[in-house]
Amino acid sequence: NQGRISIGARSVISQRAHLCASTHNVHDPRFALETRPITVEPGCWVAAEAFVGPGVRMAAGAVLGARGALFTDAEPMAIYRGNPA
């Protein structure tokens, strides 16, 4: 991954989950790469086959359900599911 990813203590990233900390600027004729860090605070769970997008912060204890797609920040102790979550 080109961008920085921080994963807090006691967090779980399950099988086949994707944390993608980079994207491209679709308005740039050169389609420039942009990195946007992802932060997974302590005690979070990213379930199987879920996707965490560029620049997302999962606050402490947040959960992203299986195959969910998260493109905005997650609140503490909240549960997200679906696409978009």
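Author: What follows is a discussion of a predicted model.

Reader: Let us begin with the sheet. Which strands form the open sheet, and in what order?

Author: The open sheet has 3 strands in the order β1-β6-β9, and their pairing is parallel.

Reader: Which strands stand at the edges?

Author: β1 (5-7) and β9 (57-58) do. Each has a single partner strand, so one side of each is left without a neighbour in the sheet.

Reader: How many bridges join β1 to β6?

Author: There are 3 bridges between β1 and β6, the latter covering residues 38-40, and the two strands run parallel. Within this pairing, Ile5 stands opposite Ile38 in β6.

Reader: What does the side chain of Ser11 reach?

Author: Two backbone atoms. The side chain of Ser11 reaches the backbone oxygen of Glu41 at 2.8 Å and the backbone nitrogen of Gly43 at 3.3 Å. Leaving out residues up to four places away in sequence, Ser11 touches Val40, Glu41, Pro42, Gly43 and Cys44.

Reader: And Ser14, where does that lie?

Author: Ser14 lies in the loop between β2 and β3 (18-19). With 15% relative accessibility, Ser14 counts as buried. Its side chain makes a polar contact with the side chain of Trp45 at 2.9 Å. Apart from residues up to four places away in sequence, Ser14 touches Trp45, Val46, Ala47 and Ala48.

Reader: Take Leu64. What is it in contact with?

Author: Setting aside neighbours within four places in sequence, the contacts of Leu64 include Trp45, Val46, Phe51, Val52, Met58, Leu70 and Tyr80. Several alanines also belong to that list, among them Ala47, Ala50 and Ala85.

Reader: Turning to the cysteines, how many disulfides are there?

Author: The count comes to 0 disulfides. Cys20 is in no disulfide, and the nearest cysteine sulfur, that of Cys44, is 18 Å away. Cys44 is likewise in no disulfide. Cys20 is partly exposed, with a relative accessible area of 24%, whereas Cys44 is buried at 2%.

Reader: What about the backbone? Which residue has a positive phi of about 55°?

Author: That is Phe31, which is not a glycine. Phe31 is found in the loop between β4 (22-24) and β5 (33-35) and is partly exposed at 44% relative accessibility. Met77 also has a positive phi, of about 60°, although it is not a glycine. Met77 is found in the loop between β11 (69-70) and β12 and is exposed, at 65% relative accessibility.

Reader: Where is the cis peptide bond?

Author: The bond from Asn83 to Pro84 is cis, with omega near 0°. Pro84 lies in the segment after β12 (79-80). In general, most residues other than glycine have a negative phi, and most peptide bonds are trans.

Reader: Finally, the charged pairs. How many salt bridges are found?

Author: A search of the whole structure finds 5 salt bridges. In one of them, the side chains of Asp28 and Arg30 meet at 3.3 Å, N to O. Asp28 counts as buried at 14% relative accessibility, while Arg30 counts as exposed at 69%. Glu34 forms a salt bridge with Arg36, with the closest N and O atoms 2.8 Å apart.

Reader: Which pair links distant parts of the chain?

Author: Glu49 and Arg67 form a salt bridge whose closest N and O atoms are 2.4 Å apart. Glu49 is in the loop between β7 (45-46) and β8 (51-52), Arg67 is in the loop between β10 (63-64) and β11, and the two are 18 residues apart.

Reader: Which residues are joined with them into one network?

Author: Salt bridges that share partners join Arg16, Glu49 and Arg67 into one network.

Terms used: Residues numbered from 1 in each chain as written. Predicted model: local features only at pLDDT ≥ 70, side-chain atom pairs only at ≥ 80, totals over all residues. Heavy atoms only, no water. Pairing = 2+ DSSP bridges. Helix = DSSP H or I, 4+ residues; strand = E, 2+ residues; numbered from the N terminus. Polar contact = N/O pair within 3.5 Å; in protein donor to acceptor, adjacent residues only side chain to side chain. Contact = heavy atoms within 4.5 Å. Buried < 20%, exposed > 50% of the residue type's maximum accessible area, 1.4 Å probe, protein only. Disulfide = S-S within 2.5 Å. Salt bridge = Lys/Arg side-chain N within 4 Å of Asp/Glu carboxyl O.
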